[in-house]
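These are my notebook entries on one protein chain. I list what I looked up, topic by topic.

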Amino acid sequence: MIKFFMLLACKMKRRILRISRNSLFLGLVLLAFLGVGYPQPEKVQLTYDHYHSYDEMREILQKLEKAYPELIKVRQIGQSFEGRNLMMAEVTNYRTGSGDKKTGFYIDGNIHAGEVTGTETALHTLWCLVSRYGSDKIVTDLLDHLVFYILPKVNPDGSEFYLHNAEWIRGNIRPFDDDGDGRMDEDPANDLDKDGEITQMRVSDPTGSWKIDPKDPRNMVKREPWEREGQFFKIYSEGIDDDNDGNFNEDGTGGLDLNRNFPALWNPEFIQKAAGPYPISEPETKAVVKFILEHPNIGVIINYHTAGRLLYIPTGENPRQKKSNKEDKEIFELLGSKYTDIVGGPVKLAGYRLSGMFIVWGYQHTGAIALLPELWRMGKDYNNDGQIDSYEKLRWNDEVLDKKGFVEWTPFNHSQLGPVEIGGWREKFVSQNPPPGPFLKEICDQHYRWTIYIAKLLPRLEIVRLESNKLSEKLFKITGIVRNAGYLPTNVTHQALIAQAVEPVLAKLKLPKGAEILIGKQVTNLGQIAGNSVDRIVEWLILSPSSGEVCLEVISTRAGTSVRKIRLR
Ligand SMILES: [Ca+2]
Ligand SMILES: [Ca+2]
Ligand SMILES: [Ca+2]
Ligand SMILES: [Ca+2]
Ligand SMILES: [Zn+2]
């Protein structure tokens with residue numbers, strides 16, 4: 001502790017020396033500040049130069065919690081298959097009330113093992129929120145009224161495996177029979193050329209269906225059906241056919257897809273591959289579902305993925321009535337168009353072709369605004385036609401990545417295939433995730449800005465006035481004026497009503513001892529209150545022998561709780 005203060009004093013001294021003119025005054029202010037016993041927390045730095053491992057993520061969360069104890073509480077919401085704690089940061093200004101009394105905004109990343117950009121985006125959002133509290137007016141206001149639940153790694157086992165092995169992985173780590181041959185994980189990829197990356201192998205073969213692109217020999221293109229002359233190739237993923245079934249790398253480590261394991265529109269393996277034996281069969285998905293159901297205040301769910309630079313929104317379909325919720329579709333479209341403005345990517349509907357998806361469950365079963373941004377798309381659309389073709393990718397590799405994103409085809413003597421060439425795109429930190437650095441930072445910034453935009457639309461219950469009028473001796477008229485000061489209704493979505501996920505807004509009046517209500521109810525049901533709507537007026541007639549205090553508490557599942565007191569007079 002003493003060391004900490006000495007360090008701080010040293011820093012202060014250096015700062016004071018730098019300031020020339022008003023140094024005495026400022027110095028006094030700073031010393032007074034120190035003397036009162038409010039040392040400024042050591043700032044926690046967040047870097048974008050690499051992808052954070054599970055331990056590094058945990059350390060960042062713990063450091064932030066230590067630096068901003070009035071804004072963050074870190075907790076574990078469950079454990080992964082391998083026993084890692086699923087670490088979540090709850091972020092709100094605790095001085096204005098506990099999290100469960102505020103609208104909840106849930107954010108997670110890295111449910112797919114390799115989509116580690118989601119972890120960084122979640123950490124960046126967390127870091128921005130706490131480090132800007134007090135200096136940024138909007139963030140300050142949001143943390144005073146909302147609670148963010150941030151889970152940077154839904155699938156920490158898969159994430160660790162992805163970050164520390166050459167082999168690619170999508171699901172969790174639990175052994176899984178990808179190819180249905182009755183054996184689990186029997187043929188993983190192998191980094192034959194030991195460059196830390198699984199790329200591709202091309203093998204000259206007259207029956208092959210690929211050929212070298214004459215426009216760029218790095219590129220492989222499909223052989224035309226009529227082509228007889230020329231050199232043709234077969235392409236395999238880099239590795240050995242460990243089980244000699246003729247396929248390469250068809251059953252690697254793990255394989256169960258956590259984002260097909262949620263309890264909405266779930267289907268068994270023979271319909272939806274990698275869905276798992278039953279919904280929330282996995283500890284990771286079960287923990288997420290349990291947490292969300294235990295926090296009915298959650299009005300928004302953002303589930304970060306990486307492939308495509310686009311936003312998936314729910315269709316807005318209401319499965320009970322087999323029709324779309326018009327008002328919800330409009331909200332999704334609004335958030336989608338804002339996504340396109342800020343991030344630059346298109347918006348797609350998360351159709352029901354894919355079963356057991358988190359956002360479909362989040363929307364249909366809990367009525368949350370549930371969104372799935374795909375954070376990254378490699379390459380550059382040089383001719384602005386909306387597509388990035390292989391030449392644009394290669395040009396981007398040459399000009400922007402200094403040719404480091406593509407492994408040049410290099411001869412290799414394969415134990416089963418004979419002479420092959422190994423090469424192709426680097427998958428992990430070029431194709432699936434951006435190379436660390438400015439690309440990553442930009443993605444984090446853009447999605448943070450979009451998150452703030454959504455947060456600003458959330459409902460906000462306020463008691464704008466509470467009045468007491470003495471009508472006669474012992475007789476008082478109490479008037480409360482209640483407002484939803486947000487844009488969205490107190491139920492957030494229409495689906496929340498269909499799914500019975502929200503309670504009506506209740507106005508509860510607490511009276512001083514011996515008082516009784518003559519007209520009005522102790523608990524008044526205000527139903528749901530639309531955003532930007534006319535104020536609700538609640539009135540009571542009270543008989544009270546003494547001039548005590550009345551307290552009005554207005555409670556909503558997803559629009560927060562507001563409390564106000566007044567003396568009878
Ligand atoms: Ca197998
Ligand atoms: Ca497997
Ligand atoms: Ca390799
Ligand atoms: Ca095989
Ligand atoms: Zn994904």
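I began with the term for strand pairing: two strands pair if DSSP finds at least two bridges between them. I took helices (H or I, at least four residues) and strands (E, at least two) as DSSP runs, numbered from the N terminus. The model is predicted, so I noted the thresholds: local features need pLDDT of at least 70, side-chain atom pairs count only at pLDDT 80 or more, and totals for chains, interfaces and linings use all residues. Residues are numbered from 1 along each chain as its sequence is written, while chains are lettered from A and ligands numbered from 1 in the order in which they are written.

**Entry 1**

Five residues lie between the two strands of the hairpin, where G560 takes a positive phi near 85 degrees.

I then placed the hairpin in its sheet. Four strands form an open sheet in the order β21-β19-β23-β24, with antiparallel pairing. Its edge strands are β21 (523-527) and β24, each of which pairs on one side only. Neighbouring strands of this sheet are turned by 15 degrees against each other on average, direction ignored.

**Entry 2: strand β18 and its two partners**

Strands of a sheet pair through backbone hydrogen bonds, either parallel or antiparallel. I found that β17 (residues 461-472) and β18 run antiparallel and are joined by ten bridges. The bridge partner of E467 in β18 is T479. The hairpin of β17 and β18 has two residues between the strands, and K474 takes a positive phi near 70 degrees there.

I also recorded that β18 pairs with β22 (residues 536-543) in the antiparallel sense over eight bridges. Here V482 stands opposite R536 in β22. Strand β18 (residues 475-484) has a covered face made of F476, I478, G480, V482 and N484, and an uncovered one made of L475, K477, T479, I481 and R483.

**Entry 3: a helix pair**

Two packed helices are described by the angle between their axes and the distance between the axes. For α3 (residues 54-67) and α4 (residues 117-132) I read an angle of about 10 degrees and axes 11 Å apart. That makes α3 roughly parallel to α4; angles under 35 degrees count as roughly parallel, over 145 as roughly antiparallel, 65 to 115 as roughly perpendicular and the rest as oblique. Axes are lines fitted to C-alpha atoms, for helices over the stretch in contact, and angles run from 0 to 180 degrees between N-to-C directions.

Which residues meet in this packing? M57, I60 and L64 in α3 meet T119, L123, L126, W127 and V130 in α4. I used a contact criterion of C-beta atoms, placed from the backbone, within 7 Å. The residues of the contact divide into seven nonpolar, one polar and no charged (Ala, Val, Leu, Ile, Met, Phe, Trp, Tyr, Cys and Pro count as nonpolar, Asp, Glu, Lys and Arg as charged, and the others, Gly among them, as polar).

**Entry 4: burial in helix α10**

A residue is buried if 20 or more other C-beta atoms lie within 10 Å of its own, exposed if 12 or fewer, and partly exposed in between, with C-beta atoms placed from the backbone. In α10 (residues 390-399), K393, L394 and N397 are buried. Seen down the axis of α10, the buried residues fall within an arc of 95 degrees, so they line one face of the helix; the arc is that of the directions from the helix axis to the C-beta atoms. These buried residues pack against β15 (406-414).

**Entry 5: positive phi in a loop**

Most residues other than glycine have a negative phi. I280, in the loop between β8 and α7, has a positive phi of about 40 degrees and is not a glycine. Is each of these residues buried or partly exposed? L265 is partly exposed, with 18 other C-beta atoms within 10 Å, whereas I280 is buried, with 20.

**Entry 6: the whole chain**

Notes
Contact = placed C-beta atoms within 7 Å.
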